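Here are my notes on the fold and on one helix pair. Please read them beside the model.

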Amino acid sequence: MIDPKADAIQIGLVSISDRASSGIYEDEGIPALKAWLEPVLINPWQGFEKVVPDERQVISQTLINLVDTQQCCLILTTGGTGPAPRDVTPEATKDIAERELPGFGELMRSVSLQYVPTAILSRQTAVTRGHCLIINLPGQPKAIKETLDGVFSAVPYCIDLIGGPYLETDENVIQVFRPKAALRPPRT
Amino acid sequence: MIDPKADAIQIGLVSISDRASSGIYEDEGIPALKAWLEPVLINPWQGFEKVVPDERQVISQTLINLVDTQQCCLILTTGGTGPAPRDVTPEATKDIAERELPGFGELMRSVSLQYVPTAILSRQTAVTRGHCLIINLPGQPKAIKETLDGVFSAVPYCIDLIGGPYLETDENVIQVFRPKAALRPPRT
Amino acid sequence: MIDPKADAIQIGLVSISDRASSGIYEDEGIPALKAWLEPVLINPWQGFEKVVPDERQVISQTLINLVDTQQCCLILTTGGTGPAPRDVTPEATKDIAERELPGFGELMRSVSLQYVPTAILSRQTAVTRGHCLIINLPGQPKAIKETLDGVFSAVPYCIDLIGGPYLETDENVIQVFRPKAALRPPRT
């Protein structure tokens, strides 16, 4: 008997918001992340969902657990990237990073700038830790979709390069890119 | 009797140049900054003007005084952002920063690149310190105008987010952006 | 009798690759760098060619020698800028840098993004050390050409500003930019 979860990949979904984490309002970040990922990923996958306050130590510890213990190959955070004093997601992300990939932040700001001039206020970035890629996304569901549409094409090959699992995606939904030498036969 | 300066906002205008500060030539940076701001801002405002040499400690101390003592909510610097050994404005700015906002530097270089290929040599950035936003601008009056035209749309909302005063601008001169929830009724 | 090498400029060409340096395959990076530079530069120039493994200390020491001992005014590196664990060129470059020029990395990623979405995975940058500009380029010959085409216009003036020699280029091959005040009469 085949266990369909046997080769499931682990993905962390982290919503960072004082108000959502204290129940003042309902979190919209994680539902937006899931709604984006579900039609895209062909691999079976397991989401680890966390809603945490804008506390640098709490965010960092959450990311460490998701990478080191839960073996996530991809973590998407949402919220906490602006200039306000409570916005500490980029700091918390860099605190536990091995590598920063500045091209993600540059492209995400550039994409968002097509919609709002205040896109330049975002300090969002992406980093690697072990075999995991961690990407900071904006807090608004609409902006989550716009930025994921903009950068996800590079995500599967990035995860290949850092030794993570081979992500497969539905090419009718999004075009991802790998050099020919990195391609494997599609899952059947 | 109403004091028209009662709610004036404080803005620092800092020209950084060995030659202008020693009187070898007349400073053109501060006049260019004022000429740009005057038609834009509706709030009454008071400018604190400083012409300083390309000395890291002097620049940093000038910025600290303008934020911590003069209570500026916005500081515009001009000059000292290139790769030459005497260009130390970005270092002096980061020395006293709480947060760096990399999107400003990225967009300013991208805007200037439409005019000159050497725009990529600028190391200009923007940072926050307390309730103040500090932006490094180029030295040339023409380039000051081009870059302010490019980034100022995001400035008022940034100052809102860091707890500064509510900046109002003449929408016939420049379009600024705030999310609807951040808008207040216009000054009459 | 005139020595045509009397005023030759020194340029470092550094290919960073475990496999090329160990002889597993032939280096294609340095030939691509030379093929790009030869039609562009009018100055007589001497290339210092190094093929080194992806070892942070080895790369840093190679760059130090090329700047401090060989008096290079320009060093082009190729390879080692991705997110893989062995990719350490940007770290090694920043280790020995005096100044980082973020506009180079931003523009190179932006240029490469026109060809492949995975361009955002590159962490390439440019820095100065003394009178030398050091630029990290991608590893693929095609991408080397694309990014040099994109950024070289700003290179000669950058080297002027940091006190290096006056680079002259064939304007039929590439347009470089200097402000009028920085122009000298052409070499005859």
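1. In chain A, 70% of the contacts with a separation of 6 or more join residues 24 or more positions apart. Two residues are in contact if their C-beta atoms, placed from the backbone, lie within 7 Å. This is a predicted model: local features need pLDDT of at least 70, side-chain atom pairs count only at pLDDT 80 or more, and totals for chains, interfaces and linings use all residues. Residues are numbered from 1 along each chain as its sequence is written, while chains are lettered from A and ligands numbered from 1 in the order written.

2. Seven helices and six strands make up the secondary structure listed for chain A. Their order along the sequence is β-α-α-β-α-β-α-β-α-β-β-α-α. Helices (H or I, at least four residues) and strands (E, at least two) are DSSP runs, numbered from the N terminus.

3. Of the 188 residues of chain A, 46% are buried. Buried means 20 or more other C-beta atoms within 10 Å of the residue's own, with C-beta atoms placed from the backbone.

4. Now the helix pair. In chain B, helix 5 (residues 102-112) and helix 6 (residues 141-151) pack at about 125°, with axes 9 Å apart. Axes are lines fitted to C-alpha atoms over the stretch in contact, and angles run from 0 to 180 degrees between N-to-C directions.

5. Which residues make the contact? Helix 5 of chain B gives B:Phe104, B:Leu107, B:Met108, B:Val111 and B:Ser112. Helix 6 of chain B gives B:Ala143, B:Glu146, B:Thr147, B:Gly150 and B:Val151.

Definitions and conventions:
Buried ≥ 20, exposed ≤ 12 C-beta atoms within 10 Å, placed from the backbone.
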